[in-house]
Amino acid sequence: MVVVSLIKPPEIFDREVEWAELARFATDERPGATLGVVSGRRRQGKTLLLYELARATGGFYFGATEATSTESLRRLGEALGRYTDSPGPVHLADWSSAVDALLALGRSRPVPVVIDEFPYLARASRDLPSVIQHAFTPGRPERTGSHTRLLLCGSALSFMGGLLAGSAPLRGRAGLELPVAPLDYRAAAAFWEVSDPLLAAKVFAIVGGTPAYRREYVQDDAPEGPDDFDDWVVRAVLNPARPLFREARYLLAEDPDLRDAALYHSVLAAVAEGNGTRGGIAGFIGRKSTDLHHPLTVLEDAGLLVREPDPLRSGRSRYRINEPLITFYQAVMRPAWTALEQRRGPEVWRRSQRRYASAVLGPSFEEVVRQWAVRFAAPETFGGIAAEASPAVLVDQVSRTSLELDLVALGEPPLGDGPRPLLAVGEVKWGRMLGLADLDRLARARDLLVARPGLDARDTRLLLASGAGFTDDLWAASRHRSDVILADPTRLYTAD
């Protein structure tokens, strides 16, 4: 397999892995057309990646729009005419001839052919996936004689997720399945050019790792420093004249599978208020738990909710919002929407400080710590590689009490039937200094877990993470104990 190296354009921040995968796929010299699928929520930079890939390789890029099948075929024919320097548009009688025309582009060399916002085409022409399936039939001359690298891209995650699943027509046809996720918290800090860890955590809690929120949505307006944060929130996020102001509402309106907007907003509001269980959500919105299966599934498929199984309680799970801006909107903006539209942003922000800290910043900081444990902490820190980290509830059968653990870090599953290593249990607080009482609480939780079947807690470490710091007694204790891990924002953003 011969692969031509492509230099990532400077306009693309980070995304080294995604660019390398796309370059490998697009420049593959082997004969035979191949299919790739690129997906991810809106505003993550998929279009920029694919447009620059097409430009760097002399490929073909077509951005679909919401239109009838006839109009889309006409637009595609016009784009093909321009690309091939034809005297006029290429006539495409139907989608079968259109796909074959795309395969013909790669007769002499590998050519990436990008169809962006593919769900628009598929919704107007329901049989289009089946048409592509037929076009990529093994042994079909139009496929074997082509080097076209067809890339289907879409932001409707529920649709794109089903494109290659189960009995879907394109199941088994794709040679690339590339998700484009938001930037992680460290990359987001670099992208926003925020070097202060405390400030970076506060910004990430609002805008997360979505690249477009800095470029298009606030015109590169980033906080100049910690003292500028409050003013930045008012002028960039709570300002009705900025596109970011209504973005959280548009995220739901843009997904065609989210038809009952009021219900989905209520579900998200329940989760933003700390009601992560199905029963808690049902009680908050006044519905039965059995009525929530569909809306919860739809929000999961759309990438807006994540269901996290409790590693200590089989069959139990909690939901969390996967888009920080939605959490901020539900907790801070939605309750004061009228005042915000009246440009009373400074007033709203002043009285929302406590809600922001408890409902937005606190949960976001917990997720940052869990990301750190899995992605950035060295194996020596936890005594092994953390394969997953999540919150959990530990039930003490003796005292009949429950201990909420902000982090339970599990190692990789053993090859045999042995217990799974429990690397760490953790307490995470943004606005409270942690001390010896918090350490003792974690030690008590570890003692309970040592006897737990299926887990090896003999070497479990105790992680304490705080945005407000640690008491002198806790610092002193940590210096003499190898089982205690202290993580402040500086460590989370710069060290392992």
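Since the model is predicted, local features need pLDDT of at least 70 and side-chain atom pairs count only at pLDDT 80 or more, while totals for chains, interfaces and linings use all residues. Residues are numbered from 1 along each chain as its sequence is written, and side-chain values use heavy atoms, with hydrogens and water left out.

On to the cores, meaning sets of buried Ala, Val, Leu, Ile, Met, Phe, Trp, Tyr and Cys residues joined through side-chain atoms within 4.5 Å. Buried is under 20% relative accessible area, exposed over 50%, and partly exposed in between (1.4 Å probe, protein chains only). The largest nonpolar core holds 91 residues, and Trp192, Ile206, Trp232, Val237, Phe328 and Tyr356 touch the most other members. Helix H20 (residues 353-376) is the top contributor to this core, with 9 residues. Domain 2 (183-365) and domain 3 (377-493) both supply residues, so this core lies between them. Setting aside neighbours within four places in sequence, Val237 is in contact (heavy atoms within 4.5 Å) with Ile206, Trp232, Leu244, Phe245, Phe328 and Met333. Apart from this core lies another, of 37 residues, including Trp95, Val111, Phe118 and Leu164.

Next come the helices, which are DSSP runs (H or I, at least four residues) numbered from the N terminus, as are strands (E, at least two). Axes are lines fitted to C-alpha atoms, for helices over the stretch in contact, with angles from 0 to 180 degrees between N-to-C directions. Helix H10 (residues 197-207) and H20 have axes that come within 9 Å and cross at roughly 105°, so H10 and H20 are roughly perpendicular (65 to 115 degrees; under 35 is roughly parallel, over 145 roughly antiparallel, the rest oblique). Here Ala201, Lys202, Phe204, Ala205 and Ile206 of H10 meet Tyr356, Val360, Leu361, Ser364, Val368 and Gln371 of H20. For helix H14 (residues 261-272) and helix H16 (residues 293-301), the axes come within 10 Å and cross at roughly 80°. Leu263, Tyr264, Val267 and Leu268 of H14 make that contact with His294, Pro295, Leu296, Val298 and Leu299 of H16.

Finally, Pro31 sits in the loop between helix H1 (16-26) and strand E1 (34-39). Its relative accessibility is 63%, so Pro31 counts as exposed. Leaving out neighbours within four places in sequence, Pro31 is in contact with Thr144, Ser146 and His147.

How values were computed: Domains from an automatic or database assignment.
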